[in-house]
Amino acid sequence: MTDSTGTVDAGTEREAAPPRANVLLSVLVVSAFVMILNETILSVALRDLTVDLDVSTTTVQWLTSGFLLTMAVVIPITGFLLERFTPRQIFLASLTMFSVGTLLSALAPGFAVLLVGRVVQACGTAVMMPLLMTSVMRLVPVAKRGATMGTITIVIAVAPAVGPTIGGAVLASLSWRWMFLLVLPLSLIALVIGAVWMRLDDETRRVPLDVLSVVLSAAGFGGLLYGLSSIGESGGGGGSVSLWLPLLVGVLALTAFVLRQLRLQREDRALLDLRPFGLRSFVVALVLTALLFMCLLGAGAIMLPLYLQTVLGASTFTSGLAVLPGGLVLGLLGRPVGRLFDRFGARRLVIPGAGAMAVALWLFASLDAQSSMVSVIAIHVLMMAGLGLMMTPLMTESLSALPDHLHSHGSAILATLQQVAGAFGTAVFVTVASVGSAVPSGPPDASGLRTAFVVAGVIGVLAFGTSLFVRSSGRSGDDSGSARTDADAVRAGH
């Protein structure tokens, strides 16, 4: 009788958000926005940095590639960190690292210190997104999670989209150092507010750190992302062993990492618990999320600007403005789609969203040198609208399907997959565009870009087919029993 009553009380408390929950989530969202903004804000300053720091373009590119590579290495460890330390400790450590990295970058006397600053920034950023998604699962009642996760969509989608625009505005009148000096006060303010208000101290477990798992994770995810990025930049790399070797090492290390986690999770000691993969709803959402990010970053963020600049002859600034409306649409759809998810569930949103994305990708494949800028923007907005219908429901559905103790690991898996899928999509589309061009060793031309968009269209069709496997949410009562059965199996460790 006592256990039963305790369970009811716990469930009742879960439906009522803790005091200051909105304030805590607002601080987390703003902090994450500022951090993710830094992923892309430096992309427009690479030309200036090559001159000021007296380094080659290939070298300076590591300021962006190193940031993403660090994210891929650190994110898989966040499942362990969120279980071992309290959300308050993780938040303060994350903002402190990001602030220190920002200060180092702003005052960097040369390239080496600037790169170290970017790596430290990335360490703080990598922890923040899983912390934000896990906190939503703990703070927000089930019936309101969709709308709240919609806000996170704004962070994930709009921050990278407006980063180059903000960076260009800063560079128009100030030096590249101000990109960091303007961000530093914002991160310090968030750190102070978090230190005062962030009191979400949850239960922690003294899980021993498996050093071998950390090494395998770094080699696996780091090698995989580095290999994919190198192959993409080289347009396929031909038969060069040096380009494919990091990818091979990454795959082998990742295989060893998975096998070790499967063994350690039997003792509840895994660095990244893989039991979420035993839940059908999580796996379907994960596959769709991977396909979504391949198209978002590979086709939308890389191929489309290349088409605008190479085929239509648009300037860098014009091509940046052309993709901005789509990014804003994706962000603005976040909360409305979240509310619709709370009411109707994922299936009714994801299927039409996947259909819109597939149609837009095939429309991109029909573009040529005579296409108007207006039509390009309209197709991009259609694609972003489709992604907007998918992103929030998929993130919310995948994490809500997990038992509480796996939320941190599920968030880490989801965030890691986004990084790897984006790198994989970029590598695939750049390689296809280069191979399909008249001069494979040169920059992609109209023919190569069209071929890349055809491949993207095939991926869009695959995503639409996968979306048909998304279950209706238990909100309408039609599939709740099956969802509970799956969750109970995962909770039991089967």
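Q: In which helix is the place of Val192?
A: This is a predicted model, in which local features need pLDDT of at least 70 and side-chain atom pairs count only at pLDDT 80 or more, while totals for chains, interfaces and linings use all residues. Residues are numbered from 1 along each chain as its sequence is written, and side-chain values use heavy atoms, with hydrogens and water left out. Helices are DSSP runs of H or I with at least four residues, numbered from the N terminus. By that numbering, Val192 has its place in helix α11.

Q: Is Val192 buried or exposed?
A: Buried means under 20% relative accessible area, exposed over 50%, and partly exposed in between, with a 1.4 Å probe and protein chains only. Because its relative accessibility is 54%, Val192 counts as exposed.

Q: How many of the 29 residues of α8 are buried?
A: Helix α8 covers residues 111–139. This helix is largely enclosed by the rest of the structure, because the buried residues number 21 of the 29.

Q: How many aromatic pairs does the count come to?
A: Rings of Phe, Tyr and Trp (its six-membered ring) pair if their centres lie within 6.5 Å; planes under 30 degrees apart count as stacked, over 60 as edge-to-face and the rest as tilted. By this rule, the count comes to four.

Q: Which kind of pair do the rings of Trp176 and Phe180 form?
A: Trp176 is buried, because its relative accessibility is 3%; Phe180 is buried as well, at 0%. Their ring centres are 6.4 Å apart and their planes stand at 90 degrees, so the pair is edge-to-face.

Definitions and conventions
Helix = DSSP H or I, 4+ residues; strand = E, 2+ residues; numbered from the N terminus. Expected span 1.5 Å × (residues − 1).
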